[in-house]
Amino acid sequence: MFYIRMALTGFWRYRIRTALHFMICILSVLFLGIYTGNLDDTTARLEELAKKVPVRATVINLAGGRESGLFIKEPLYDGVMASPYVSEPDFTLELLGAKGKNEYTVLAQTSLKGYEDLFSSNEKKCVVTPDFLKDQKLKEGDTLKLDLKYYKLDAESHLSSFILPLETVSYQIAGIAEGENSAAQIMIPMETARESYRNQDIPFFVSSGTFRVKNPLELNGFKKEMDAVGFLEIIPQSKPALEGYALTVKDETFIRAAGSIRESRKVLKIFFPAICAALLGAGLITSYLLALGRRQEYVTRRMLGMPCPDCIAVYLTEQGLTELLGGAAGCALSSLLTNAGIDRALTCGAVFFLCYFTATLLTAALFRNIPLH
């Protein structure tokens with residue numbers, strides 16, 4: 001309490017100097033708030049860019065000229081579906097369904113708008129087009145029996161395929177697809193189709209695949225995982241085979257835009273040590289000038305018998321309280337004027353106080369060297 005009482009007396013006696021010191025503290029915290037605000041803005045811009053500029057990937061053949069009608073191996077398909085870096089996977093498998101003498105296109109899919117729950121399951125259900133219902137004189141809820149056929153890759157040429165029987169299946173008609181949903185006459189869940197392959201012990205393939213990178217800011221991690229899954233880079237000189245081994249990632253626009261923002265953030269981060277050094281320097285100058293103005297007061301107190309440590313403690317208490325209160329006021333103003341969150345404002349106040357009070361401690365050593373005669 002003695003030190004605080006002495007500090008309050010000093011505040012009133014040197015109120016003009018204290019007010020100027022207090023204002024310097026507020027302005028220093030505001031400066032830090034503007035700096036950290038710019039740093040946060042670059043991070044926010046990166047996150048916003050990741051939402052506005054999606055990065056999509058497509059499975060293609062090794063030559064890079066074909067995106068559909070492929071034979072994409074099961075491990076590649078499973079690797080994409082299980083990846084935490086992937087969102088909105090859209091894989092398809094082309095099949096044929098025979099009913100009597102008529103053949104219809106059957107498309108197994110991982111998703112279908114309006115039927116997301118069904119197409120993420122392995123239920124024995126299908127969605128058909130209105131024309132198919134009319135042609136077969138069926139209605140929603142009826143059971144559809146088909147002789148399912150699949151495409152097998154010509155192992156010699158790798159450039160063509162032929163059709164073979166898969167199995168006889170029965171699907172309940174769960175809905176009717178129109179417009180953009182009618183990619184084929186009959187649509188079934190991908191896992192339902194996979195069960196048919198497994199029932200006949202036939203290697204499972206899918207025909208096409210596209211998906212979105214969940215977080216474009218993690219592109220490097222995504223690409224490493226796709227390499228581990230087994231995807232290859234495009235080799236234009238290779239034969240135009242039907243196997244889907246390669247992956248093309250449309251990330252050029254995002255990388256260009258993100259690169260400039262990252263560069264701005266990097267420059268701002270480089271300046272942080274310089275800003276801390278500048279604060280420390282400003283604190284040293286301010287504390288030094290204040291200490292010089294108190295030399296005679298220090299000598300008087302020492303002549304009256306006050307020990308040197310007590311004199312220094314009074315000085316540190318007075319300066320420390322000014323810097324602490326000025327930092328708190330600067331935090332409040334920074335939060336109001338720069339729309340900074342309380343966490344950012346408190347961080348700015350802590351950095352400021354650390355720099356300024358360190359400078360105050362350094363200048364307090366001046367009192368030890370002041371002669372009393």
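How many helices and how many strands are there in the chain?

1. Overall content. The model is a predicted one. Its chain holds eleven helices and eleven strands. Of the 373 residues in the chain, 43% are buried. Taking contacts between residues at least 6 apart in sequence, 80% of them join residues at least 24 apart.

2. Strand S10 and its neighbours. Strand S10 covers residues 208-213, and five of its six residues are buried. Strand S1 (residues 56-60) runs antiparallel to S10 and is joined to it by three bridges. Within that pairing, Ala57 stands opposite Phe211. Strand S3 (residues 86-99) also pairs with S10 in the antiparallel sense, over five bridges. Here the bridge partner of Asp90 is Thr210 in S10. As a general point, side chains in a regular strand alternate between the two faces of the sheet.

3. Arg212 and Glu88 form a salt bridge, with 3.3 Å between the closest N and O atoms. Arg212 belongs to strand S10 and Glu88 to strand S3, so that this pair links distant parts of the chain, 124 residues apart. Glu88 counts as partly exposed because its relative accessibility is 45%.

4. How many salt bridges does a search of the whole structure find? The search finds eleven. One that I would look at is Arg194 with Asp78, whose side chains meet at 3.0 Å, N to O. Arg194 is in helix H6 (residues 190-199) and Asp78 is in helix H3 (residues 74-82), so the pair ties together parts that are 116 residues apart in sequence. Is Arg194 buried or exposed? Arg194 is buried, because its relative accessible area is 6%. Asp78, in contrast, has a relative accessible area of 30% and is partly exposed.

5. Glu123 forms a salt bridge with Lys125, and the closest N and O atoms are 3.2 Å apart. Glu123 is partly exposed at 35% relative accessibility, and Lys125 is partly exposed at 26%. Elsewhere, salt bridges with shared partners join Glu74, Asp78, Glu191, Arg194 and Arg198 into one network.

6. The loop residue Asp142. Asp142 sits in the loop between helix H5 (130-136) and strand S6 (143-153). Which residues does Asp142 touch, leaving out those up to four places away in sequence? They are Tyr171, Gln172 and Ile173. Asp142 and Gln172 are 30 residues apart in sequence, while their C-alpha atoms are 5.8 Å apart in space. A polar atom of the Asp142 side chain also lies 3.0 Å from the backbone nitrogen of Lys139.

7. A nonpolar patch on the surface. Leu333, Leu336 and Leu337 make a nonpolar surface patch of about 320 Å². Leu336 lies in helix H10, which spans residues 308-337. Why does Leu336 count as exposed? Its relative accessible area is 67%, and the cut-off for exposed is over 50%.

Note on methods. Residues are numbered from 1 along each chain as its sequence is written. This is a predicted model: local features need pLDDT of at least 70, side-chain atom pairs count only at pLDDT 80 or more; totals for chains, interfaces and linings use all residues. Side-chain values use heavy atoms; hydrogens and water are left out. Buried means under 20% relative accessible area, exposed over 50%, partly exposed in between (1.4 Å probe, protein chains only). Helices (H or I, at least four residues) and strands (E, at least two) are DSSP runs, numbered from the N terminus. Two strands pair if DSSP finds at least two bridges between them. Contact means heavy atoms within 4.5 Å. Patches are made of residues with over 30% relative accessible area and no salt bridge: like charges are joined within 9 Å, nonpolar side chains (Val, Leu, Ile, Met, Phe, Trp, Tyr) within 5 Å. Accessible areas come from the Shrake-Rupley method with a 1.4 Å probe; for residues, only the protein chains shown count as cover. A salt bridge is a side-chain nitrogen of Lys or Arg within 4 Å of a carboxyl oxygen of Asp or Glu. A polar contact is a pair of N or O atoms within 3.5 Å; within protein, one must be able to donate a hydrogen and the other to accept it, and residues adjacent in sequence count only if both atoms are side-chain atoms.
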